[in-house]
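Let's take a walk through this protein together, beginning with the overall fold and then stopping at a few individual residues. Keep the view open so that you can find each place as we reach it.

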Amino acid sequence: VQLVESGGGLVQAGGSLRLSCAASGNIVSNMYMAWYRQTPGNQRELVAHRYSQGTTDYADSVKGRFTIFSDSVKNTASLQMNSLRPDDTAIYYCNLGARDPWTDRRFDYWGQGTQVTVSS
């Protein structure tokens with residue numbers, strides 16, 4: 001399974017970016033898709049999460065500014081980021097969680113990351 005992100009770049013504070021993620025390969029059952037971010041020296045942190053049935057969750061720092069979209073059939077996700085701030089600067093990673101309904105085995109897939117830089 002391969003996840004490919006796109007849409008990162010450089011933007012001024014207050015601007016917007018939309019990240020996209022497309023997964024390919026043998027994905028037995030898409031449970032959720034999510035976006036994480038990581039800055040140098042820090043742990044990867046959850047930004048937004050969306051279960052296949054539609055439930056979403058956001059980090060407090062992005063609530064009201066970021067929106068996650070996903071399609072569990074097409075195995076795609078996007079992250080609309082508005083009112084960007086310099087502290088949103090990070091590498092953003094797409095994550096897909098899947099489950100084999102026959103064995104209940106769980107799978108966790110990651111993209112390679114895309115850089116988002118917000119200038120002040």
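What follows goes from the whole chain down to single residues.

Please keep in mind that this is a predicted model.

Of the 120 residues, 40% are buried. If you take the contacts between residues at least 6 apart in sequence, 56% of them join residues at least 24 apart. The accessible surface comes to about 6400 Å², and carbon and sulfur atoms account for 47% of that surface. As for charge, there are 11 positive and 10 negative side chains, with the centres of the two sets 3 Å apart.

Now let's zoom in on a strand. His49 sits in β5, which covers residues 45-51. Is His49 buried or exposed? Its relative accessible area is 11%, under the 20% cut-off, so His49 counts as buried. Setting aside neighbours within four places in sequence, His49 is in contact with Tyr32, Met33, Ala34, Thr55, Thr56, Asp57 and Ile68.

From there, move to the loops. Arg85 is found in the loop between β8 (76-81) and β9 (90-99), and with a relative accessible area of 33% it is partly exposed. Not counting residues up to four places away in sequence, Arg85 touches Ser61, Arg65 and Val118. Look also for Ala13: it is 72 residues from Arg85 along the chain, yet the C-alpha atoms of the two are separated by 5.0 Å.

Most residues other than glycine have a negative phi. Asn75 is not a glycine, yet its phi is positive, at about 60 degrees. You will find Asn75 in the loop between β7 (66-71) and β8, where it is buried at 11% relative accessible area. Asp104, also not a glycine, has a positive phi of about 65 degrees. Asp104 belongs to the loop between β9 and β10 (106-110), and its relative accessibility of 37% makes it partly exposed.

Technical notes: Residues are numbered from 1 along each chain as its sequence is written. This is a predicted model: local features need pLDDT of at least 70, side-chain atom pairs count only at pLDDT 80 or more; totals for chains, interfaces and linings use all residues. Side-chain values use heavy atoms; hydrogens and water are left out. Buried means under 20% relative accessible area, exposed over 50%, partly exposed in between (1.4 Å probe, protein chains only). Contact means heavy atoms within 4.5 Å. Accessible areas come from the Shrake-Rupley method with a 1.4 Å probe; for residues, only the protein chains shown count as cover. Lys and Arg count as positive and Asp and Glu as negative; His and the chain ends are not counted. The place of a charge is taken as NZ of Lys, CZ of Arg, CG of Asp or CD of Glu. Helices (H or I, at least four residues) and strands (E, at least two) are DSSP runs, numbered from the N terminus.
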